[in-house]
Amino acid sequence: MSVYNKRKGATFETSVLKWLRSIGLTAERLSRAGSKDEGDIVVIVSGKNYILELKATKKLDLPGFWQEATVEAENYAKARNMEASPPRFVIVKRRKAGIDKAWVIEDFKQWSERTIQ
């Protein structure tokens, strides 16, 4: 990965973090840990953790992005002795659009478990 791409990703992460905080949510960047990476941002809503995997890229690889988010949410849970992985989301930056226009991706199973209870 080029320095430019790393910078672009870091800028997107910082922008999302600031946006989440600006709407009153508690959000923190997660540290990089190689194979034990835990996602990019954890956001806490009503006492519940959500793991965000952020992508600022031209090429969409939704299955790859989702797999990465799933593994990292599991790593987050293991590092904190949680029984279950927190819900995870992939946030994809839209070109030439603000943070509020980013795409949010989750799979149908997770959506149904969170929504239809």
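The model is predicted.

Let's start with helix H1. H1 runs over residues 3-22, so find that stretch on the structure above. H1 has 20 residues. From the first C-alpha to the last, H1 reaches 28 Å. At 1.5 Å a residue, the expected span is 28 Å too.

Which residues of H1 are buried? They are Gly9, Phe12, Glu13, Val16, Leu17 and Leu20. They cover an arc of only 135° around the axis, which puts them on the same side of H1. Now turn the model around. The face of H1 turned away from that buried side carries exposed residues: Val3, Tyr4, Arg7, Lys18 and Ser22.

What covers the buried residues of H1? The cover includes four strands: E1 (26-29), E2 (41-45), E3 (48-55) and E4 (88-92). After H1 comes Gly24. The phi of Gly24 is positive, near 90°.

On to helix H2. This one covers residues 62-79. H2 has 18 residues, and at 1.5 Å a residue they should span 26 Å. The end C-alpha atoms are 26 Å apart, which agrees.

H2 has its own list of buried residues. They are Phe65, Trp66, Ala69, Thr70, Glu72, Ala73, Asn75, Tyr76 and Ala77. Their cover includes strands E2, E3, E4 and E5, plus helix H3 at 108-115. Look back at H1 for a moment. E2, E3 and E4 are also among the strands that cover the buried residues of H1.

Now the salt bridges. Side chains of opposite charge can pair when their charged atoms come close. How many salt bridges does a search of the whole structure find? Seven. I'll show you some of them.

Take Arg29 and Glu13. Their side chains meet in a salt bridge, 2.6 Å from N to O. Arg29 lies in strand E1 and Glu13 in helix H1, so the pair ties together parts that are 16 residues apart in sequence. Is Glu13 buried or exposed? Glu13 is buried, with a relative accessible area of 5%. Arg29 has 37% relative accessibility, so Arg29 counts as partly exposed.

Next, Arg21 and Glu28. This salt bridge is 3.2 Å, again N to O. Arg21 is partly exposed, with a relative accessible area of 41%. Glu28 is partly exposed as well, at 43%.

Then Lys55 and Glu53. The closest N and O atoms in this salt bridge are 3.4 Å apart. Lys55 counts as buried, at 15% relative accessibility. Glu53 is buried too, with a relative accessible area of 3%. And there is a third member. Salt bridges that share partners join Glu53, Lys55 and Glu68 into one network.

Now the loops. Between E1 and E2 you will find Asp37. Why does Asp37 count as buried? Its relative accessible area is 11%, and buried means under 20%. Set aside the neighbours within four places in sequence, and Asp37 is in contact with Ser31, Arg32, Glu72 and Asn75. Glu72 and Asn75 are among the buried residues of H2.

Most residues other than glycine have a negative phi. Ser46 has a positive one, near 50°. Ser46 lies in the loop between E2 and E3. At 79% relative accessibility, Ser46 counts as exposed.

Asn81 is the other. Its phi is positive, about 55°, although Asn81 is not a glycine. Where does Asn81 lie? In the loop between H2 and E4. Asn81 is exposed, at 72% relative accessibility.

Last stop, the surface. Leu60, Leu62 and Trp103 make a nonpolar surface patch of about 290 Å². Trp103 sits in strand E5, residues 103-105. Trp103 is partly exposed, with a relative accessible area of 41%.

Find the Arg29 and Glu13 pair, which links E1 to H1. Find the network of Glu53, Lys55 and Glu68.

Note on methods:
Residues numbered from 1 in each chain as written. Predicted model: local features only at pLDDT ≥ 70, side-chain atom pairs only at ≥ 80, totals over all residues. Heavy atoms only, no water. Patch = residues over 30% accessible without salt bridge, like charges linked within 9 Å, V, L, I, M, F, W, Y side chains within 5 Å. Areas by Shrake-Rupley, 256 points an atom, 1.4 Å probe, with all protein chains shown as cover. Salt bridge = Lys/Arg side-chain N within 4 Å of Asp/Glu carboxyl O. Helix = DSSP H or I, 4+ residues; strand = E, 2+ residues; numbered from the N terminus. Buried < 20%, exposed > 50% of the residue type's maximum accessible area, 1.4 Å probe, protein only. Expected span 1.5 Å × (residues − 1). Arc of directions from axis to C-beta. Contact = heavy atoms within 4.5 Å.
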